[in-house]
Amino acid sequence: MSNPNDPGLPPNDPPPNGGPRNGGRYGKPAYRTGAARSDAVPMMEYSRVTEADLKGRAVMEKAGLRLVVAAGGFSALFGAVLIRLAMVTIVSPATPHRIDRPVAEIVAAAPHTPVDSTLPGQRAMITDRNGQPMAISLNTVSLFADPAMIGDADDTARQLKQILPRLDLEDTADRLKRTKRFIYLAREITPREELAINNLGIPGIDFRPTQHRQYPLGRTAAQVLGGVNVEETGFAGVEKSFDERLRTNTDPLRLSIDLQVQAAVREELVTAMTTFEAIGGCGIVMDVHTGEVLAMVSLPDYDANTVRSSPGDDRLNRAVGATYEPGSTFKLQTASMALDSGVAHIWDQFDASHNISIGRFTISDFEGKHRWLYLPEVLAYSSNLGAAHIAQAMGSERQRAWLKGMGMFERTGIELPESARPQVQPAANWKEIVTLTVGFGHGISVTPLHVVRGTAAVANGGILLRPTILALEPGEQPEGVRVMQPSTSDIMRRLMRLVVTDGFGKTAEVAGYYPGGKTGTAEKVAAHGGYKKHTNVAAFMSVFPMNAPRYAVYMMLDEPHATKATFGYATAGWVIAPAAGKVIARIGPMLGMLPDIKDVVAINQSLAIPLQPGRPPGAPARGPGGATIEAAAKVATAPATPASPPRPNLTVPAIMLPPAMSRPSPNIRRETNQQTPMPPGSGTVRVLAVSAASSNAAR
Amino acid sequence: MAVLSRTDDSLLGRWFYSVDRWTLGAIGTLIGCGYVLMLAASPAVAERIGATREMFILKQVVFLALAAVIVVSVSMLSPRDIKRLAIAGCLIALAMTAATMVIGMEIKGARRWISLPGMSVQPSEFLKPCFAVTAAWLLSEGKKSPRFPGMILACCVCALILGLLKAQPDIGMLAVVTVVFLAQLYIAGLPLTLVAIGMGLIAGAAVLAYTFMPHVHKRFDGYWKGEGDHYQIDRALEAFGNGGFMGRGAGEGHVKDILPDAHADFVFAVAGEEFGMVICVFILFLFAFIVLRGLLKLLKEQDLFIVLSCTGLVTGFGLQAFVNMASTLGLIPTKGMTLPFISYGGSSVVAVALGMGMLLALTRRRGREEPA
């Protein structure tokens, strides 16, 4: 790097273009690194200013000036960033993009055009009430052959097998040798496979466009959807009942099902079923004002896409296709009919102190109070004896008329082919014992949907509606039949609420939703009559909110088993009422209802009804003709004094009542299939609710 | 640093007392900020693309550690070694950039990456510092010996690089390389008329790019007329607004859940949302400090090669930081460019570290007997 123009430079000289490199200025001593100050040697003597040197200095001077300009430029750039930073963070910050509307509004505002994927000729899509697809048809291609045009069947089969490994070589070859003119070889060929087969160029092999029904949600509402056979014809569920409609009209078929609600119900039911090792279960959510079914779950279930190979038990839709004895949930009907017809009053009392023996049957209470019960107590403590007495007071004629009016003798009318007919005693066999047992839900078998429908009518002001699986247009109000006075419905709402606040349904309470309901634990009828020991059907029939009923929620477990957490009880209040509560808590917000905690006092006040209501002046002291009942019923313990039974003088405050079924009662036992007929008056063996009907109701 | 005595004559001792410790400290602080912001921004991004939450963090920890090692070890080299390193690096990077045309991976329509086992490398990132030093050498040598056609050679190399970057295409990198080279020419004493002509050429090129390159056209229109896709910028500005002066607090931001490049190009917005204007100003201050100190320190420098190469390195560094911050703030049209040491990206971090290492090596205090 020495200057070629200056050959005479001493070797120690600093390069002339650089000047002193140690930062020293001209005319001042510069120091060698490490040298003592006294050893400082001025460098002046070495510096000779050459032309190149001057040029170099000029360059550096210019460079220095321009460096300052560059630094200034950068200062401006960074300054701009700083100002901008202050603008966007402090001076005028952009409003963050936040959800400031309820989710329901956003969903409503979002463009809700249903997926227009159905082509002419295709089977129509099935959607839920919000337009979510539940069943869609995909175009696929089927492979068929004309055996008459096939030359070498074995070779053809081998070639096809290479492209479609799922083919069975021998079977395909055999089929290709048949004398028919048209045989299917494979269905649902992919485009890639189609191209490869086409490229084989085998004459007599051809494709036919077909459809494939797909259920994108798998197990969700599988029994409701049903399925189609290979010819794309519905053979079960909605696919069957609306088969014609789905073929001819490509508009999506909108069901009343809400998939979110359906999923929540299924999840809670699966949890309960697993916890209590039940063999099955079902859940229904229905709009009590329109009869629209928002959720219908039946367990065990199956993937709807494999419907054709699923076991029949999984395919059974327990909500509509199976009948069960409704058990205590039917006491709502008994109470309604008695109140509506004026046979009983809210302040009437019924004898639950003694078991009823009729013929060879004895009716007893589970968790009995062994005293006279007021009508609200009959429901709250689910007294079979009380309900039987009420039914007895009604009489079989009026009872049958009421139940017929409530649709308990016919199919519910829901548009599902599986919908089952109830199993009811014919009028000729409707003896007194039947009247009594039907009073608490035994000796009659109905589908869960019957119970839901009847309870909806009890809660909605007294209008019986036809349940439907199709979504109604907004604002559409279906025709209903008035089956009771609004005043009766009003009392019944309070009574249903009472069951949850003070009775056996406490575990279903959900703050802010004011659910009301009725537990129901029915022993199962054995295959050859009689009741099976320790196998029951536990159900909870609820409606919420009781101050302005909107939805009925029914949850049921088939053969639940007790756990430690339930203290050995497998009854509805323990195993299924909590699940119903969880469902209500989850679906309430989905259905646009927020819990109302603010008005809790006012609402509870409006729904309050005492367990032991006061008797208005002039009303008879006992139940409706209490003496008659006692005379008719063979009271187990004869020496009881009907004239003056000890009247309960202690009114337990509701809040201090023990939790439902927390005290095991030693004297409640069920003995069934009693071989020897019981002599009247022998109180030693108690038989719970063995009805004459049950032996006939063998299924 | 009491461990190193002033009279310590070891390699480390001499390095420590000759290196620009203020700049070194600023670089270290930036690397620290890089760690923190990677912890803040990257898990959300990693989760969104289906990787494990720690994937980006672990990688970047390695890269940042590697960057620190590179900064220190390169800064120990002598100016002559730097010159050799840069020329060799320039040739290799040039070859690899050319190779991207043939074996490069195509990401989002551009071929900038070469896939290596375990990572992918963007060779043009390394071209930037190496070319700055190489161009400085060519220009200063040209000034020294009139027979050496330094200026012409530098222009040729620059044209070659610009051609390659145009072909990739990588307009952002092209603009930075151009501006850095022009800055070097300017400092080297280019007559003002030529400076004006150069600026005219840039303007002309910009107009041409606007006219003939559809995505540049769209990008600019989107910025200028406020139409088109300004989703990312809007979200970034909301993030700054949400952060305010002190920020929402670590982990409390949500722009990282929305923006696909929250850990890379838009990391400044994450910083703004979670740590507020304070940390943004701090980062800005660090960049400005390194750039302005780098430039102003050169006023005392007498060696043209060192002046020019440092100018190139500092300009490239500062420009990259400016473009990233300004485009995140919506000050200029969006341009995919990383924030040095802060953004995620192996190539970027390592290349920037190389450049800063060179800067520190060239600005070390030298004795007389250590020629440039």
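**Backbone exceptions and a covered helix**

A:A221 lies in the loop between strand 4 (205-214) and helix 6 (222-225) of chain A; helices (H or I, at least four residues) and strands (E, at least two) are DSSP runs numbered from the N terminus. Its phi is near 55°, a positive value in a residue other than glycine. A:A221 is buried, with a relative accessible area of 3%; buried means under 20% relative accessible area, exposed over 50%, and partly exposed in between, with a 1.4 Å probe and protein chains only.

Please note that this is a predicted model, in which local features need pLDDT of at least 70, side-chain atom pairs count only at pLDDT 80 or more, and totals for chains, interfaces and linings use all residues. Residues are numbered from 1 along each chain as its sequence is written, chains are lettered from A and ligands numbered from 1 in the order in which they are written, and side-chain values use heavy atoms, with hydrogens and water left out.

A:E559 also has a positive phi, about 55°, although it is not a glycine. A:E559 sits in the loop between strand 18 and helix 18 (572-575) of chain A and counts as buried at 14% relative accessibility.

I turn to the cis peptide bonds. One joins A:L299 and A:P300, with omega about -5°; another runs from A:F544 to A:P545, with omega near -20°. Most peptide bonds are trans.

Finally, helix 10 of chain B. Ten of its 13 residues are buried, among them B:I233, B:L237 and B:F240. Helix 10 of chain B is followed by B:G244, whose phi is positive, near 65°.
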